[in-house]
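Please view the sequence and the model together before reading on.

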Amino acid sequence: MTQTTLSPHRKWLYDELDTAKKFGVLAQFLDTPNFVKENLNPKFELRSYQKEAFARFFYYYNQYPDKEYPIHLLYNMATGSGKTLIMAGLILYLYEKGYRNFLFFVNSTNIIEKTKNNFLNDLSIKYLFNQKILINNREIKINKVDNFEGVNKGDINICFTTIQKLHSDLYAEKENSLTFEDFRSQTIVLLSDEAHHGQVQTKQNTLFKADEKPNWENTVENIFQQNKENILLEFTATMDFMNKAVETKYIPKVIYRYDLRQFRNDKFSKDVEILRSDTDTKGRILLALVLNQYRQDVASKYGIQLKPVILFKAQKTIEQSEENKEFFHELIDNLSKKDIEEIETKTDIAEIKRAFDFFETEKITTDLLIQKLKLNFAKNKCISMNDEKTLEENQILINTLEKSDNQIRAIFTVQKLNEGWDVLNLFDIVRLYEGQAGGGGYSGTIAPSTISEAQLIGRGARYFPFKIGGKEEDKFLRKFDEDLGHELRILEELHFHSPNEHRYISELKNALVQEGLMDDKTVEKELKLKEDFKKTGFFKNGQIFLNKNVANNYSHVTSFSDLGVKDKDFKYEIRTFKGKVTEALTDGNYDNLHIVKESSTLQISQIEKHIFKNAISRKEFFKFENIKKIFPKVNSMNDLIENKEFLAEIKINFTGSAEDLYNLSNEHKFKAVVAILDEIEEKLKNNMVDYKGTKDFFSSKINEVFYNKILKIEAGSEREDGQESFIQDKGWYAFNANYGTSEEKACVEFVDRLIKEDFKNKYKEIFLLRNELHFVIYNFSDGKAFAPDFVLFMKDKEGREITYQIFIEPKGKFLEKTEEWKEKLLIEIKEMFESKDLTKFIETKKYKVVGVPFFNRLDENRFKEELLKVVK
């Protein structure tokens, strides 16, 4: 088999699909099928990029015009992005398409064991499937198999193996092991993890030949090519596309590139900070311990259960690592007040100073701090991971560090955890050696050891999910990029503790930028409330009205129609199996085949109860415990079946042959009821939401909602200019700067003109406040959070003591369509105000809460007209 020869001008497959996405071609596939979503563990809510990963495959499999057979695709996705969950979803999808046998292989035994746990152990916190898998109303089991001979053809059968063992088994032909015949006689889906390890022959730029000496890569190629219906899906975060041969091979195969830089920019990872210090080994360990305990105590203050882990990295040998561990135990055993107080008095590191300020505020004395550290880092809570045997014995322990009953707090290693390690609560990595392995910093060449360290940092950069208010899915995202001074920001940072070696630090930063783990072009800006504004009565006593995000309890739902299912008539077609054979080349009669069909309508209540109950029992959605949550007033399954607000008056219009209709079989009745229940279920689910925004707005104090923030801004971007020269003398603008887009800056200039031309003589206490995620409002229909860029306050000068609160959102024309739900919410708020629903009273003071359509500088007259309408 030879490698595919490509036109040098051919685009990458993922680029083609990026274009398809822009033109809406992928839109119909972005809604992941229910049989995939509902059979994955509900604890792992699909993220937007994971839905897109599925959508790209669905489109390729079903519609892509230049599809190559057998199908061979690669997902090039960041460490921590959930590649194994995507595998699980694709297994479910391909099962429904007829595939039953799946081969998972990787280069490492410990990854095999971890993946088995994720796929097979339903007691594991990382189990990927739902407790019960139902596809086409049939319960499906997942079986671990050694080969595909005699497997259950109704279940999902997965063979787990290393690439080394797969290669050995195929050429040694051992009993009960895989053979080439397995792949020749059956269709198989091959799932390759860490696929960058299987590219040796490609990198040598040699062709695949039938009689060549077997190696890992051509072994996979040979079994893949045994059947043109086979599918090979590869997954890796680190494919070497700089190699020309690898690039050529994968141009038509990379279906999705979602690298670490994009993953981090989308706020799904921790931010990486390098804490370099002029200390010896003991000093670095102590700094890490203080910072680590600070994290745990901050989390505890906010009701977050967190057990932060530290990794201590040795330079080269296991002996060094074991010596580090012994040194650490001795340090903990002999930890003294002098050790802690020396750090507290001498350090100028902002994070460490912040930690000691926190300890003082929370009355955590030095004695109590030492007591905590001795308890948390006792010998039984530390582990070495330095050889294959230890790794294999402890792979479940090391991959479940987040569990409350997992006591490990410190890990000592050289480099055994650089790959295949899933950890969310690693927050500190301490480099317990000095010196640089060579290669970089000034020359631009990065040493392999430094790249390895950057990749280890990448494993620790997985985000630890926590929720502070807001919706459940928000817990997987960084929340304080726009508020770097917030106490909880420390839970969104991974610290790499290093000696203060300039050349090494420079090289490490280059490696982290290259890996996408660190920005090389960001600046920090301080957004501060003006001192004059803080002296005003409005800041001291003013109010802002915001709504809340609440769980949707469905208490108002009393019928199907309340959730959008108003249809009472459904159709079901009985196939006749009639047809005709036509000679393709000689028969000139190509008339459509005319099959006579009749119709007959049957009310569901006319179908025998045992048939109906059998059908509804097959539907997990219609189990009573589920129905009761959605329709609280349903007291029994008989209510659902016999009440006209639900199923009782539903009619099924059967079409089919006269023979079938006049002798309607129980089987047809059963299948019809199942099909109608499927249709109703899908419609109900499309109209169900977990959260809603309240239509009541509640008051909060201005001086509690708005405060100073440290922002991280892209250097050289339009946001870096804070518009300071324009706003410094504008008493109505509350902050010292506006680090917004050009559209947002234009809005501030527009408000300035509006005040001079229209508002100055009519209103007093005019204040425009920039909202850098100081607050959000929630969409009424689904509870989606929205942070308007500005809120404008004005008080009538004459008589009426009315304070207007106006939400303003500037938006470029190119974004208006994609974010039209936000404008719709603002207009809904405006309409509620017009109907007097959003007039609020605080004591004798009257407030009116107002929304207006998007501001756009190309259409500011329309905006002005709408704004003047709501305040006249």
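This is a predicted model: local features need pLDDT of at least 70, side-chain atom pairs count only at pLDDT 80 or more; totals for chains, interfaces and linings use all residues.

Leu311 has Ile411 of β13 as its bridge partner.

## The chain as a whole

The chain has 872 residues, of which 53% count as buried. It contains 33 helices and 31 strands. Among the contacts in the chain with a separation of 6 or more, 76% are between residues 24 or more positions apart.

The accessible surface of the chain is about 40600 Å², and carbon and sulfur atoms account for 47% of this area. A search of the whole structure for disulfides finds 0.

## A covered strand, β8

Strand β8 (residues 231-236) is mostly covered, with 6 of its 6 residues buried. Ile231, Leu233 and Phe235 lie on one side of β8, and Leu232, Glu234 and Thr236 lie on the other. Both faces are covered, and the named residues are all buried.

Strands of a sheet pair through backbone hydrogen bonds, either parallel or antiparallel. Strand β1 (residues 71-77) is joined to β8 by 6 bridges, and the two run parallel; Asn76 stands opposite Thr236 in β8. Strand β7 (residues 188-193) also runs parallel to β8, to which 5 bridges join it. In this pairing, Asp193 stands opposite Phe235.

## A strand with two faces, β21

In strand β21 (residues 651-656) the side chains alternate between two faces.

Two pairings of β21 may be described. With β19 (residues 569-573), β21 runs parallel and is joined by 5 bridges; here Lys571 stands opposite Asn653. With β20 (residues 598-603), β21 runs antiparallel and is joined by 6 bridges; here Gln603 stands opposite Lys651.

## A helix pair and a cis peptide bond

Helix α3 (residues 48-62) packs against helix α4 (residues 83-96) at an angle of about 35 degrees, and their axes are 10 Å apart. The crossing of α3 and α4 is right-handed. On the side of α3, the contact is made by Gln50, Ala53, Phe54, Phe57, Phe58, Tyr61 and Asn62. On the side of α4, Leu85, Ile86, Gly89, Leu90, Tyr93 and Leu94 take part.

Pro70 is found in the loop between α3 and β1. The peptide bond that joins Tyr69 and Pro70 is cis, with omega at about -10 degrees.

## Residues in loops

Asn136 has a phi of about 55 degrees and is placed in the loop between β3 (133-135) and β4 (138-140). Because its relative accessibility is 61%, Asn136 counts as exposed. Lys363 has a phi of about 60 degrees and is found in the loop between α15 (350-361) and α16 (366-376). Lys363 counts as exposed because its relative accessibility is 68%.

Lys784 is located in the loop between β26 (777-778) and β27 (785-786). Its relative accessible area is 35%, so Lys784 is partly exposed. Lys784 and Asn549 are 235 residues apart in sequence, and the distance between them in space, C-alpha to C-alpha, is 8.2 Å.

Technical notes: Residues are numbered from 1 along each chain as its sequence is written. Side-chain values use heavy atoms; hydrogens and water are left out. Helices (H or I, at least four residues) and strands (E, at least two) are DSSP runs, numbered from the N terminus. Buried means under 20% relative accessible area, exposed over 50%, partly exposed in between (1.4 Å probe, protein chains only). Contact means heavy atoms within 4.5 Å. Accessible areas come from the Shrake-Rupley method with a 1.4 Å probe; for residues, only the protein chains shown count as cover. A disulfide is a pair of cysteine sulfur atoms within 2.5 Å. Two strands pair if DSSP finds at least two bridges between them. Axes are lines fitted to C-alpha atoms, for helices over the stretch in contact, and angles run from 0 to 180 degrees between N-to-C directions. A crossing is left-handed if the near helix is turned anticlockwise from the far one by less than a right angle, and right-handed if clockwise.
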